[in-house]
There are 2 protein chains.
Amino acid sequence: VFLVVGLGSMESLKRLFYPHSVAVIGASDNPFKMGYHCLRSLIGFRGAVYPVNPNASTIQGFKAYPSILDVPGDVDLAVIVVPARQVPPVIEECAGKGVKGAVIITAGFRETGEIGASLQEEVVSIAKRAGMRILGPNTFGFVNTHAGLNATFTETLGELEKGDIAVVTQSGGVCHLFCYEAITQGLGVSKAVGLGNRCDVDFPEMLDYLASDEETRVIALHIEGLDNPREFMEAAKRTVKVKPVVAYKVGRAEVNRESMSHTGSMAGDYRLYDALFKQSGVVDVGSVVELLDVAKALSFLPPPRGGRVAVVSVQAGPAIIISDVCKSNGLTLPEFTEETRRRIESLLPPMTIRSNPVDLAFAYSVETFMEVIRLVADDSNVDVVVVFQLHHPVAPVMVDELVGVFRESGKPFLFCFNAPRSRSREEVERLEKGGIPVYPTPERVARAVVGLVKYGRVLRKPL
Amino acid sequence: VFLVVGLGSMESLKRLFYPHSVAVIGASDNPFKMGYHCLRSLIGFRGAVYPVNPNASTIQGFKAYPSILDVPGDVDLAVIVVPARQVPPVIEECAGKGVKGAVIITAGFRETGEIGASLQEEVVSIAKRAGMRILGPNTFGFVNTHAGLNATFTETLGELEKGDIAVVTQSGGVCHLFCYEAITQGLGVSKAVGLGNRCDVDFPEMLDYLASDEETRVIALHIEGLDNPREFMEAAKRTVKVKPVVAYKVGRAEVNRESMSHTGSMAGDYRLYDALFKQSGVVDVGSVVELLDVAKALSFLPPPRGGRVAVVSVQAGPAIIISDVCKSNGLTLPEFTEETRRRIESLLPPMTIRSNPVDLAFAYSVETFMEVIRLVADDSNVDVVVVFQLHHPVAPVMVDELVGVFRESGKPFLFCFNAPRSRSREEVERLEKGGIPVYPTPERVARAVVGLVKYGRVLRKPL
């Protein structure tokens with residue numbers, strides 16, 4: 001990190017992520033080259049776009065320039081895709097041009113051995129001198145949906161919707177997985193960032209930056225290894241007071257030599273990370289999908305006041321799974337108050353399950369279902385409500401009622417709904433528009449609840 | 001269980017699952033009633049269908065009969081949806097008619113207390129006397145795709161494709177989740193069975209039956225609790241010699257009073273089940289989706305000779321996750337032989353990862369990718385090949401080549417491919433038509449490999 005954490009650092013990152021003009025150095029008309037895709041991803045960006053390539057006068061309809069020094073206007077951001085050996089002179093030219101930030105997509109630096117490491121050092125020293133910020137090298141770039149900017153080599157990522165989840169990964173592949181799932185679900189993202197080799201921008205500074213980023217409400221991290229765990233912990237402790245941080249640490253098996261060679265960092269012992277996350281209030285998860293599921297819950301919902309979960313279901317089996325996953329992770333399914341018990345028993349016949357989890361089974365009707373949900377939402381023993389429903393269509397009228405109860409209660413509601421994929425889309429959208437996040441399986445909704453409760457505990461923990 | 005395991009038991013279950021004629025007792029024209037949906041599910045069944053209801057002469061276009069005794073032809077199977085109190089007299093009539101099997105969908109038996117338990121005993125004693133087999137009560141029924149029969153209350157399950165995976169669950173809701181995912185994926189199923197209260201047909205006998213069922217190659221189980229674990233173990237030991245058994249045991253947290261009240265069984269301590277599965281060679285999994293993923297792998301592929309996994313990827317991050325999940329579950333990512341190493345090093349530049357997992361990164365081309373896959377598939381240190389690919393389209397020519405290498409190698413290949421859902425469907429279908437199962441995330445493909453290797457070990461274990 002070049003600058004101490006403070007106004008300067010935050011300002012320079014803001015300039016990196018919100019450029020007014022972008023140059024692609026190594027832009028190309030050849031669809032087999034990275035430089036082709038990096039330029040295509042910028043189509044639709046409202047700022048100026050400058051392809052740089054000494055061998056072309058226009059590229060994909062844009063006027064091209066032989067070097068960045070030939071570009072007439074100011075350049076805020078350079079996306080660099082030239083071969084590794086050419087990167088230091090290109091960075092030198094960027095410095096000469098007064099470029100404020102660079103995304104170095106090119107690989108072949110610290111992750112490949114000594115020669116690459118010295119190339120990387122050269123880049124760092126030039127950028128440092130010029131006060132230029134670097135994302136990468138060996139990164140897929142970043143997307144800033146609120147700036148309408150896709151500074152990556154993947155055009156598809158331009159389909160990401162605006163949202164308030166920022167995802168920061170050490171691997172471009174993992175960031176793609178996260179973003180593709182977000183696109184499939186129609187879940188919005190604020191920023192999707194690949195850190196790559198982290199020669200400059202690294203996790204701790206990103207935490208501080210995203211803590212101050214008004215467009216981000218939840219921060220999701222994919223971590224292979226940290227160079228400075230203490231610095232991470234300090235930044236995380238500051239950040240979690242303002243907004244939740246969810247992290248997927250890969251490398252539970254042992255020290256992974258692969259992740260060392262991947263972006264040149266040590267993976268370390270998972271138990272150390274586990275302790276680090278607990279101490280700093282980071283919510284840990286165990287897969288890319290869980291990273292997204294928990295981030296989604298935290299984006300939709302306020303954290304609950306406690307870990308007492310009520311499950312209301314139309315099928316017992318999935319309700320038992322939800323209960324099992326919750327309890328295995330330290331949550332409880334409390335008994336309802338006397339009053340609630342009495343009223344549920346007057347609503348439901350004995351062949352249903354009238355304790356928690358409630359199973360309406362064959363006694364299901366929209367009216368009874370809603371009445372039970374209302375009762376448990378009002379119960380003072382309950383902090384979170386999970387509703388499970390299969391093969392009964394979720395009618396618009398039910399969505400409206402459910403959203404009403406959810407808002408009145410002030411408690412987080414999560415919905416688990418499943419149908420063959422093609423048919424469930426519209427119903428899921430209706431529910432989520434009402435502010436209730438929907439999950440497709442009992443295990444996934446339960447893990448989302450676990451994450452939500454964990455962050456609630458972080459907020460309540462005495463300092 | 002009425003009959004000892006043997007020809008009689010197997011023959012009577014075969015008659016239950018392959019009826020020539022089905023009566024729905026409690027059939028209805030009212031879409032708010034179960035009896036409506038049970039009858040609708042039978043539309044398209046090639047055998048005779050007889051609605052039974054004393055208050056109608058036709059239902060949904062079928063001629064209806066006041067009682068089963070009024071039906072002119074033989075009735076092999078009765079689907080019963082009348083209220084619980086009416087079930088014993090209805091079963092008595094079925095016995096009088098010579099019905100061979102009954103699916104009792106009605107709830108309100110052992111799971112609800114003493115009165116229900118005595119109703120259930122009454123049903124059992126009548127059926128036993130008549131030699132009639134009972135599925136349920138308190139079940140959603142069953143689907144037999146190869147018989148074109150959907151004997152459940154969910155019409156959608158008629159969309160299940162023919163396949164060789166049998167799924168047997170203790171919960172209708174969980175069976176729906178499994179089947180909806182199968183429908184979404186286009187994955188075929190042979191039989192989907194809800195056991196409900198298991199007053200007669202239970203897990204041990206189902207294992208023996210499915211072991212002998214020519215249309216089933218893989219058996220997937222969802223278990224809340226077993227009444228007779230020893231009997232289960234003996235049946236499982238016999239079955240796993242013939243075909244794989246995968247089981248998802250719910251109730252890891254503690255003894256779950258819910259699952260007791262759900263279908264009237266004790267859930268028991270998960271550690272006991274863990275030992276039971278290990279001893280009997282059952283492959284255990286941790287979620288409904290994993291149950292399907294592992295069953296799918298075992299349906300597509302022969303189990304590998306060992307647990308040495310090669311990963312070939314275009315992105316390092318997901319490859320590291322695959323490696324991590326494999327290693328955390330007792331598999332290895334071996335070093336390649338000298339020969340393979342040398343040849344991969346001549347193919348790939350140093351900025352890639354040329355050890356296992358292999359990461360082609362920016363050196364990707366279809367030709368290089370295929371060449372590396374060929375090399376690792378031929379490597380004598382490798383038992384299973386996992387290929388990971390993102391955001392490069394899987395061209396038909398590549399599928400053909402990949403399938404060729406897969407078939408020549410005789411080793412299991414699994415593919416992990418991800419793109420926003422709408423766009424990946426066709427490519428996934430092409431790969432799976434070639435016999436290579438496809439998974440959407442690195443964690444899921446890795447867990448499928450783990451299941452596959454576990455079953456290979458079961459087969460190689462000395463008796």
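Predicted model: local features only at pLDDT ≥ 70, side-chain atom pairs only at ≥ 80, totals over all residues.
1. Symmetry. Chain B superposes on chain A by a rotation of 180° with 0.0 Å of shift along the axis, at an RMSD of 0.0 Å. That is the relation of a two-fold axis. Both copies use the same surface: 100% of the contact residues of chain B recur in chain A.

2. Sheet in chain B. Five strands form an open sheet, in the order β16-β15-β17-β18-β19, with parallel pairing. β16 (358–359) and β19 (438–439) stand at the edges with a single partner strand each, so one side of each has no neighbour in the sheet. β18 (residues 413–418) and β19 of chain B pair over 2 bridges. There, B:Phe415 stands opposite B:Val438.

3. Helices on the sheet. Helix α11 (residues 316–328) of chain B lies across β15, β16 and β17 of chain B, at about 165° to β15(B).

4. Aromatic pairs. In one of them, the ring centres of A:Phe17 and A:Phe142 are 4.9 Å apart and the planes are at 85°, so the pair is edge-to-face. A:Phe17 lies in helix α1 and A:Phe142 in strand β8, so the pair ties together parts 125 residues apart in sequence. Both residues are buried.

5. A cluster in chain B. B:Phe203, B:Phe232, B:Tyr273 and B:Phe277 form one aromatic cluster. B:Phe203 and B:Phe232 are both buried. B:Lys249 lies over the face of B:Tyr273, 4.4 Å from the ring centre.

Note on methods
Residues numbered from 1 in each chain as written. Chains lettered and ligands numbered in written order. Heavy atoms only, no water. Pairing = 2+ DSSP bridges. Helix = DSSP H or I, 4+ residues; strand = E, 2+ residues; numbered from the N terminus. Contact = heavy atoms within 4.5 Å. Axes fitted to C-alpha atoms, helices over the stretch in contact; angles between N-to-C directions. Least-squares fit on C-alpha atoms with pLDDT ≥ 70 in both. Phe/Tyr/Trp six-rings, centres within 6.5 Å; stacked < 30°, edge-to-face > 60°. Buried < 20%, exposed > 50% of the residue type's maximum accessible area, 1.4 Å probe, protein only. Lys NZ or Arg CZ within 6 Å of the ring centre and 35° of its normal.
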